[in-house]
Amino acid sequence: MKTKHSIYLACALVIAIAQTSTLSHASTAAPASTLQNATPDNDAARSLTGSWQVSFAGRKGERQATMQLRQDDNKLSGSFEGGRGGAPLTGSLSGNHVSFTVKMPRRKVEFTGTVEGDKMTGSTKEGGSWTATRQ
């Protein structure tokens, strides 16, 4: 009888150690939801400050411009230099969603889109598409 009892105790001890080991590993690993949420935060934490080459659909077809951005927390400011000269811009960044307005002499153009690394893509309020690549 002592042998049977010893085997039961040994098995119970092995099971208890295995459960403790599993629990301690689970408590040190980051939950899957935290890991999934970490990616957008990492992209958002990266500053958009710098020079960007922009292609967008204008009234007279595809246009090119250079955008100089400055980021202060979630606020954007800077300039937009195209074929017709320069114009100031203001905007914001929320997660990976970007929006900015370029105030041209006769009108303003509103851009919205997303940031993925060194590239932005989106559309204007008028419905044209745009892309920007960090220089």
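Modeller: Contact here means heavy atoms within 4.5 Å. The model is predicted.

Biologist: What does T101 touch, not counting residues up to four places away in sequence?

Modeller: T101 touches P88, L89, T90, K108, V109 and E110. T101 itself is found in strand β5.

Biologist: Why is T101 called buried?

Modeller: Buried means under 20% relative accessible area. T101 has a relative accessible area of 18%, so T101 is buried.

Biologist: Why is K125 called exposed?

Modeller: Exposed means over 50% relative accessible area. The value for K125 is 64%, so K125 is exposed.

Biologist: How do you know that the side chains of E110 and K125 meet in a salt bridge?

Modeller: The cut-off is a side-chain nitrogen of Lys or Arg within 4 Å of a carboxyl oxygen of Asp or Glu. For E110 and K125 the N to O distance is 3.8 Å, so the pair is a salt bridge. E110 sits in strand β6 and K125 in the loop between β7 and β8, 15 residues apart.

Biologist: What makes E126 and R107 a salt bridge?

Modeller: Their N to O distance is 3.9 Å, and the limit is 4 Å. The pair therefore counts as a salt bridge. E126 is in the loop between β7 (119–124) and β8, while R107 is in the loop between β5 and β6, 19 residues apart.

Biologist: Which salt bridge does R134 form, and what parts does the pair tie together?

Modeller: R134 forms a salt bridge with D118, with the closest N and O atoms 2.9 Å apart. R134 lies in strand β8 and D118 in the loop between β6 and β7, so this pair ties together parts 16 residues apart in sequence. The structure holds three salt bridges.

Biologist: Which residues have the most contacts inside the largest nonpolar core?

Modeller: They are M67, F80, V98 and M120, in a core of 21 residues. Strands that each supply at least two residues of this core include β2 (61–72), β3 (75–82) and β5 (97–103). Leaving aside neighbours within four places in sequence, F80 is in contact with residues including V54, M67, L89 and F111.

Biologist: How many helices and strands are in the protein chain?

Modeller: The protein chain has two helices and eight strands. Of its 135 residues, 21% count as buried.

Terms used: Residues numbered from 1 in each chain as written. Predicted model: local features only at pLDDT ≥ 70, side-chain atom pairs only at ≥ 80, totals over all residues. Heavy atoms only, no water. Core = buried A, V, L, I, M, F, W, Y, C linked by side-chain atoms within 4.5 Å. Buried < 20%, exposed > 50% of the residue type's maximum accessible area, 1.4 Å probe, protein only. Helix = DSSP H or I, 4+ residues; strand = E, 2+ residues; numbered from the N terminus.
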